[in-house]
Amino acid sequence: MALRHYTLDFSLSTAVDSASTVPGLLSIFHEQEMTETVHDTDGHGYLATFVGKNGRFAVLRVHSHELVTIDLQCYEEDNIAQLDNLLNALEKKLKVLLNGNITRIKRLPALIRGAKVDRYWPTADGRLMEYDIDRVVYEEDSAYQNIKILHSKQFGNILVLNGDVNLAESDSPYTQAIIGSGKENYAGKEVLILGGGDGGILAEVVKQKPKMITMLEVIDGCRAHMRLTCGSILDSLEGDCYQILVEDCVPVLKKYVQEGRTFDYVINDLTAVPISTEPEEDSTWEFLRLILDLSIKVLHPSGKYFTQGNSVNLKEALSLYEEQLGKLSCPVGFSKEVVCVPSYLELWVFYTVWKK
């Protein structure tokens, strides 16, 4: 049973005495048949909780600094009109009681907790976003990760891997950025795609008729539920100019290095730059360095390596990644591009790397 959580905040120019504020609010709670319990705050303002019918629960706090907050919780099937009336009455009364002392009133939409469909996903830099997700299209635990495909009214189906928004059907800017933003000619070239299991990169590059694309990954569920991204390209594991190997990329890359095989383009869509800023202690950084080093070893001397970075706000993590580029087995140059990826709700950094 889902819970709705409302918040109403009053920022003030000066702190207020609860004795002049609270009595005027109690009658409003009592009209809703809510009974209060006052709690000892050890000198940190006034705190009272209110319990009402149908499981309603409210918290009123007059803080010792310039803030008054009200939290209201109810079950999703409760009478929303009654709750709106309660919040409207509290807001109206506080405007009168705090007249001239209010600097800002903030009333947020209800946070839905415990719903069958999870609508809340954090950005890479830790801000909470609410998506317009209305149903779960697909969910499975593979040998490597939890896979969800969720439907959004504005972004289409969204692929979520281990709780991270990965790609939506609306996110062609991501796919275009990680293959060079239309500046590359793939015709007749050898291409290696690491990851990209949603099929979007493969579907775009194959249009340019390369000599051969080798892709290492397929994500279950994408063939059936991410058709706007992959089209029909995942219906077969091989075509005239592509092959999909459902294998761990590390042993395959090591084999290519031993064989001396090279590619004109290596596109790494396995993972974003880790958020952790401790590269010597984080296994994700270790994996990233391994893939990066192997990828450069199989890159043709005149080839290019494309990969995603992370949110433009994660400047320290991106700087650490750029430091890793200076520690490879051969010297490289790089450039970066910042792109707005629709479903990420933030700007995203992409890298192009080449051998010097």
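In this predicted model, the C-alpha centres of domain 2 and domain 3 lie 21 Å apart. Their contact draws on 17 residues from domain 2 and 20 residues from domain 3. Together the two domains bury about 1,600 Å². This briefing looks at how they meet.

**Layout of the chain**
- The chain is split into three parts: domain 1 covers 3–113, domain 2 covers 120–165 and domain 3 covers 170–355.

**Buried area**
- Of the area buried between domain 2 and domain 3, 63% is on carbon and sulfur atoms.
- Three residues of domain 2 stand out: Ala 124, Phe 155 and Leu 159.
- Ala 124, Phe 155 and Leu 159 supply 33% of what domain 2 buries against domain 3, more than any other three residues.

**Charged and polar links**
- The interface of domain 2 and domain 3 holds 1 salt bridge.
- Glu 346 and Arg 127 form a salt bridge, with their closest N and O atoms 3.8 Å apart.
- That pair counts as a salt bridge because the cut-off is within 4 Å.
- Polar contacts also cross between domain 2 and domain 3, in 5 residue pairs.

**The side of domain 2 that touches domain 3**
- Three strands each give at least two residues to this side: β9 (133–141), β10 (146–152) and β11 (156–161).
- By type, the residues on this side of domain 2 are 11 nonpolar, 3 polar and 3 charged.

Definitions and conventions. Residues are numbered from 1 along each chain as its sequence is written. This is a predicted model: local features need pLDDT of at least 70, side-chain atom pairs count only at pLDDT 80 or more; totals for chains, interfaces and linings use all residues. Side-chain values use heavy atoms; hydrogens and water are left out. Domain bounds come from an automatic or database domain assignment. Contact means heavy atoms within 4.5 Å. Buried area is the accessible area (1.4 Å probe) that two parts lose on being put together, summed over both. A salt bridge is a side-chain nitrogen of Lys or Arg within 4 Å of a carboxyl oxygen of Asp or Glu. A polar contact is a pair of N or O atoms within 3.5 Å; within protein, one must be able to donate a hydrogen and the other to accept it, and residues adjacent in sequence count only if both atoms are side-chain atoms. Helices (H or I, at least four residues) and strands (E, at least two) are DSSP runs, numbered from the N terminus. Ala, Val, Leu, Ile, Met, Phe, Trp, Tyr, Cys and Pro count as nonpolar, Asp, Glu, Lys and Arg as charged, and the others, Gly among them, as polar.
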